[in-house]
2 protein chains.
Amino acid sequence: MASAEFRPLDEKSLIEYIKATPSLSSKIGNKFDDLTIKEVGDGNLNFVYIVIGSSGSFVIKQAIPYVRSVGESLPMTKERAYFETLALTEHGQLCPDHVPEVYHFDPKMYLIGMRYLEPPHIILRKGLIAGVEYPLLAEHMSEYMARTLFRTSLLYRTTSEHKRAVAEFCGNVELCRLTERVVFSDPYKVSELNRWTSPYLDHDAEAVREDNILKLEVAELKSKAQALIHGDLHTGSVMVTPNSTQVIDPEFAFYGPMGYDIGAFLGNLILAFFAQDGHADEGNDRKAYKEWILRTIEETWTLFQKKFTALWHQHKDGPGEAYLPEIYNKPELQQLIQEKYVKDLFHDSLGFGAAKMIRRIVGVAHVEDFESIKDASKRAACERQALELAKTLLKERRKFQAISGVISAIRKLQS
Amino acid sequence: MASAEFRPLDEKSLIEYIKATPSLSSKIGNKFDDLTIKEVGDGNLNFVYIVIGSSGSFVIKQAIPYVRSVGESLPMTKERAYFETLALTEHGQLCPDHVPEVYHFDPKMYLIGMRYLEPPHIILRKGLIAGVEYPLLAEHMSEYMARTLFRTSLLYRTTSEHKRAVAEFCGNVELCRLTERVVFSDPYKVSELNRWTSPYLDHDAEAVREDNILKLEVAELKSKAQALIHGDLHTGSVMVTPNSTQVIDPEFAFYGPMGYDIGAFLGNLILAFFAQDGHADEGNDRKAYKEWILRTIEETWTLFQKKFTALWHQHKDGPGEAYLPEIYNKPELQQLIQEKYVKDLFHDSLGFGAAKMIRRIVGVAHVEDFESIKDASKRAACERQALELAKTLLKERRKFQAISGVISAIRKLQS
């Protein structure tokens with residue numbers, strides 16, 4: 001059922017909507033008597049309902065045309081639901097193991113029906129704060145990133161397909177601008193929205209605003225339109241169990257630089273690392289857990305690199321028009337190209353990861369990893385270490401030859 | 001008048017078309033008895049009619065859906081006329097002195113009516129072959145490039161405007177692919193279409209196909225979607241008199257790297273330089289003319305750089321979202337950014353210019369500058385020097401600090 005026009009649903013009208021929508025009602029065996037519906041949207045932009053019946057379940061996500069926490073005074077395009085659906089569908093086809101299935105999309109209601117990621121799935125960030133290890137996380141995330149990024153890039157796609165898709169996602173401009181503002185602009189200037197752990201980090205935030213080299217480097221991280229990226233791949237956009245990893249919420253999806261996704265994930269793992277000292281207590285000094293996070297950072301990049309290169313090798317005679325086989329078919333040249341590409345991608349990822357870390361410490365939206373540390377001076381100490389690392393990564397990213405160098409730099413800050 | 005459907009016009013049906021089209025017939029005072037119509041399309045893709053009456057004139061350019069020289073077996077999208085009109089209109093608003101005015105566009109007939117660039121306007125390339133100096137050329141071309149590139153880039157445009165325009169020009173994908181093929185692919189592989197001055201350059205062409213570093217560098221010159229570029233800015237796309245410079249034929253226009261346009265123009269001037277020895281005769285050794293070409297190359301870049309930076313300065317509080325004033329408003333930081341941006345643009349331009357030179361010597365479409373040298377061994381000697389320079393520029397472009405270094409490298413090849 002596609003409704004005539006947009007109206008925000010509540011729990012009552014949602015039941016009527018489900019009844020009139022076969023792709024949804026069939027998921028719960030058309031039984032409505034035993035339904036439980038829970039609104040769980042903790043984000044700012046959407047209503048999220050979990051719908052559970054005796055014979056099935058799903059999630060309903062409805063975009064609303066303003067920022068929830070601020071109200072109707074801060075409007076926000078509903079069309080993001082369309083781009084989220086496009087990205088979920090496209091990424092889902094390329095990597096079904098790690099992207100929730102879409103059951104239904106209503107373009108007029110800006111409403112998506114999709115798989116309910118049942119317990120014990122929790123948001124990765126919460127698991128990291130709680131100190132839970134996920135042995136398959138690096139494997140799963142590197143698989144997700146390698147598949148979705150490679151297959152939507154010119155390494156795999158024809159120029160025509162790529163341009164068509166780039167043009168379509170240009171429509172998601174409002175959310176792109178929001179990203180540009182909060183990631184690449186606000187943290188580097190005086191902005192009402194910026195926050196930091198004051199007064200402890202007053203000087204640090206000012207130092208960011210006064211650092212010319214930092215500003216030059218962040219400006220250089222330009223959009224390269226390489227692949228269909230998730231656009232917001234922090235640890236709050238991943239749901240996990242020990243055996244399952246699911247990437248959700250790609251409403252910021254656009255054709256952008258691959259390093260933006262990879263950096264977002266790695267950067268947020270680094271934030272989680274530096275937050276651990278704030279979560280340590282008598283029962284758990286978090287030392288072992290910190291080692292697991294470092295291993296996961298290292299493995300995620302190493303596995304991504306391996307998987308990405310393998311996909312490239314596998315599809316070297318595929319449709320991709322970035323490096324034509326007639327030109328680049330010598331094994332030693334292939335290797336030279338792949339090494340250069342992956343090295344550039346590594347440096348991009350460090351740069352974007354660093355920019356994402358900085359904005360989480362002195363920009364508008366902070367992360368629960370730090371926010372949940374009650375003692376402000378302790379929190380500031382954690383944040384300052386993360387900020388120092390991020391500044392080094394952003395300014396000197398091209399000096400890092402391998403992920404092991406990043407791990408060493410992290411360790412050095414703690415010694 | 002917009003016709004119901006596409007049909008290629010001939011001289012007879014063209015008159016009927018003009019009679020039914022007020023925006024055209026008014027240009028010739030609605031008088032049809034004294035009209036002269038001449039078909040002058042020497043290109044491959046269009047019919048071009050010059051229409052001259054006693055009280056006015058115009059040019060009609062109609063895109064046809066196949067490559068003229070090959071026939072209907074090589075189809076070519078007619079929609080390019082739409083993008084040409086878009087680019088002419090947009091660039092014309094930004095730089096009316098150097099872009100011919102559009103009087104009429106018929107989207108169904110893929111037909112553009114525009115200003116007739118009356119004699120003594122000739123194609124720049126022909127003037128260069130003939131050894132004619134144009135004292136204002138560097139001034140005019142740098143003005144054209146600085147204005148059109150700056151004003152359609154994120155240095156001036158908002159992200160929303162920029163994305164909308166990028167999306168629109170993504171539709172010009174077929175001509176983009178043609179460019180990619182003949183510029184970035186074919187010259188570096190065995191291709192039926194490739195030509196070179198055989199047998200003299202057999203080894204040189206093969207050396208291009210075997211040069212791994214060259215291939216790496218040409219692949220790196222990726223689309224950056226910086227600005228609405230002309231897309232084919234060689235010396236055959238410029239009409240000149242000593243006092244007037246007009247840029248025509250932007251049917252390859254798309255949002256791409258600025259260096260692509262700048263490099264195309266400079267690279268073609270360099271080709272014209274190296275061709276001069278082939279045009280020298282007893283009456284004219286072309287030595288003074290070669291010096292003028294070198295001065296024009298140097299001035300074009302120097303003036304472009306100056307004009308571009310001045311526009312940037314002038315619009316530093318404008319709508320552009322690449323470098324926000326709240327962040328980048330310190331004079332020393334502004335300068336640092338501009339220097340870095342212009343330096344990167346310089347290196348991009350040298351790379352693209354070199355790629356354009358290479359493809360004109362060992363790829364499918366050659367330039368009249370060399371083709372008009374009848375003696376093949378003499379032609380090959382000229383071409384080999386140009387090819388050597390191009391290879392150096394493509395592989396070592398980042399080592400050049402200023403345009404004077406390029407001029408020195410050109411001179412060194414001739415000593």
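**Legends: second largest pocket and overall fold of chain A**

**View 1. Helix α13(A) at the second largest pocket.** With six residues, α13(A) contributes the most to the lining of the second largest pocket. This predicted model is numbered from 1 along each chain as written, with chains lettered from A and ligands numbered from 1 in written order. Local features need pLDDT of at least 70, side-chain atom pairs count only at pLDDT 80 or more, totals for chains, interfaces and linings use all residues, and side-chain values use heavy atoms without hydrogens or water.

**View 2. Space and lining of the second largest pocket.** The second largest pocket holds about 250 Å³ of space; a pocket is an open set of points on a 1 Å grid where a 1.4 Å probe fits, with protein on both sides within 12 Å along at least five of seven lines, and lining residues have an atom within 4 Å of a point. Its lining comprises 13 residues, of which A:Q305, A:Q338, A:E339, A:V342 and A:K343 are the closest to its centre. Two or more lining residues come from each of α11 (287-314) and α13 (331-362) of chain A.

**View 3. The fold of chain A.** Chain A contains 16 helices and twelve strands (DSSP runs: H or I, at least four residues; E, at least two). Its radius of gyration, taken over C-alpha atoms, is 22 Å, close to the 22 Å that the globule rule (2.2 Å times the number of residues to the power 0.38) gives for 415 residues, so chain A is as compact as a globular protein of that length. The C-alpha trace spans about 60 × 60 × 40 Å along its principal axes.

Technical notes. Points joined across faces, edges and corners; volume = space filled by probe spheres on them.
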